[in-house]
Amino acid sequence: MYGVLAWAWIRAAAQYPVSMVLLALATALVTGLDVAAILLLFAHAPRIAGFTAPEVLFLYGTSALAFGISDIVLGTTERLGYHVRQGTLDTMLVRPVSPLVQIATEEFSPRRFGKLVPAVLVLAYALTRVDVAWTAGRAAMVPVMVAAGTAIFGGLWVLTGAVQFVLVDSHGASKSVTYGGGFLTQYPMTMFARDFVRGVTFVVPLAFVNWQPALYVLDRPDPLGLPEAARFASPAVAALVCGAGALAWRAGLRHYRSTGS
Amino acid sequence: MPVPMIEAADVVKSFTVRTRSGGPRRTRTSVRAVDGVSFTVEPGEFVGYLGPNGAGKSTTIKMLTGILTASAGTLRVCGLDPSRRRTSLARRIGVVFGQRTTLWWDLPLRDSLALVRRLYRVEAAAHRARLAELTALLELEPFLDTPVRQLSLGQRMRGDLAAALLHDPELLVLDEPTIGLDVVSKATVRDFLARVNAERGTTVLLTTHDLGDIERLCRRVMIIDRGRLAYDGGLDALRRTVDADRLLVVELARPGPPVIVDGIEAERVEGPRQWLRLPRAVNAAAVIAALARDHEVRDIALREAGIDEVLAGLYRGDHAYWRSGRPVAP
């Protein structure tokens, strides 16, 4: 179902061919600058905090790739608040498809894949240069950490989306009286709260996106001295975060349907 | 004994409203948007759901379609609890919001409808037949390949109706489907709804402020006011039940102050023309005789209150039974 809706949005975007081409070019340009900036940085600083340039690029690449994929799949869930305020969530709720899928696929565009280009380039470069005695376990850990990282970020996207069910509600209550009259004036508060929540939630499990498994791949001791098991905990953390995201989303939806908009 | 299409028993929906009362503190009050509504809709019925703005119409519709969860009472639509079985119910009902489209803004109508087929998992053969039928009935052919954003409101509404009916739902719920449409588009939509109801036996529930919709389509009318069902019955019975005022329009020989006859004062004066509202109990012949005696009358006309005046009276709360808050039996 996700694919069906995503394809529909791609075709919708193709309705504006000039806009699509320009946006694709802009994305390519920005991502190109991103890669250039990283290469420039490491041209001048061969070692950072005891890590060699390829090692840091390995960390950057895995994290950026995981974040990029999760952003492609679920990034638009942050627009939930907008749909609640506009009442367009209602039209999603009368369709026999999860509103999460409907929001996530919204305005899906092949352009989104452009964000993966620097991540893939950096990771590929890092993997060829990094000084690691490759074993089967270490090699297998790389795709596992990217998958787990993607799942962690994905769970967080859904979690932050679900928070908007509640944050928007304090406005929704007044909206039911004024029908949205003074609604926009309170918008910045939501923005602030959302960024705040996002900051906190993204930082907390971030260590498991790439840091802990990377320590294993690069054969480094943990400066914080966490037990060896933490190196392999990423899939478990991912499952926890996704579970929390799913629960929060369901709770948020239930909250919406019992309070209205 | 067939299962009723909709069964509502003492359905309540209350919202918590926070209002600023000076300073950062907010007081919370509970507002009952729907306050104990009970009704049954049998398969094949065509029901108009009326009421002034803010009476609870949309809230009821949202509960019926599973968008909102009722605070109390029991609700069954197609035999399902809409709130718990929202997705299953979505496959069996069609919903149209007059104020917003469910179509994809940038897609041609044809693609939007194809996408609806995938979402509702309709078989390709059944879809083709249904699409052909709806295309003919709603005259969609000329704009099937136009992106939805370029459609006129009337065309868009016809597209929305097609999208809501492609999966052949048992129940069609329409929230103000003719709002903002021109006369011709309104007529097309009404004819279509009447046919869908008559030929396919689709049950239709619609909210509207358009009296033409009601008179043309609704055999049964439910009126909600301040969250309570105030009337549930036939349209004709509604006309009879309400003490419909009659309007006496007199044209006098010359302009003057509002006339007063038997204690009834003209409520509107336009030059020599004056309008007098006569309650049912007043003898119109006596009033006309008294007018002719006291004034020089050029012309006179007596009008029965139309359904619009009947409803306006209800909405204003003019009538005794209305003020008592007692629901009127069919």
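The model is a predicted one, so local features need pLDDT of at least 70 and side-chain atom pairs count only at pLDDT 80 or more, while totals for chains, interfaces and linings use all residues. Residues are numbered from 1 along each chain as its sequence is written, and chains are lettered from A and ligands numbered from 1 in the order in which they are written.

Chain B has 11 helices and 15 strands; these are DSSP runs numbered from the N terminus, helices being H or I with at least four residues and strands E with at least two. Its 330 residues include 39% that count as buried, where buried takes 20 or more other C-beta atoms within 10 Å of a residue's own, exposed takes 12 or fewer, and partly exposed lies in between, with C-beta atoms placed from the backbone.

Now for the helix pair. Helix 5 (residues 153-165) and helix 6 (residues 183-199) of chain B pack at about 15°, and their axes are 9 Å apart. Axes here are lines fitted to C-alpha atoms, for helices over the stretch in contact, and angles run from 0 to 180 degrees between N-to-C directions. The two helices of chain B are therefore roughly parallel, a label for angles under 35 degrees. On the helix 5 side of chain B, the contact uses B:Gly154, B:Met157, B:Arg158, B:Leu161 and B:Leu165, and helix 6 of chain B answers with B:Ser185, B:Thr188, B:Val189, B:Phe192 and B:Val196. Contact means that the C-beta atoms of two residues, placed from the backbone, lie within 7 Å. The residues of this contact split into 6 nonpolar, 3 polar and 1 charged; Ala, Val, Leu, Ile, Met, Phe, Trp, Tyr, Cys and Pro count as nonpolar, Asp, Glu, Lys and Arg as charged, and the others, Gly among them, as polar.

Two loop residues come next. Most residues other than glycine have a negative phi. B:Glu139, however, has a positive phi near 50° and sits in the loop between helix 4 (124-138) and helix 5 of chain B. With 13 other C-beta atoms within 10 Å, B:Glu139 is partly exposed. B:Asp168 also has a positive phi, of about 50°, in the loop between helix 5 and strand 6 (171-175) of chain B.

Finally, the contact between the chains takes 23 residues from chain A and 28 from chain B. Helix 9 of chain A gives the most to the chain A side, with 5 residues.

Conventions
Angles under 35 degrees count as roughly parallel, over 145 as roughly antiparallel, 65 to 115 as roughly perpendicular and the rest as oblique.
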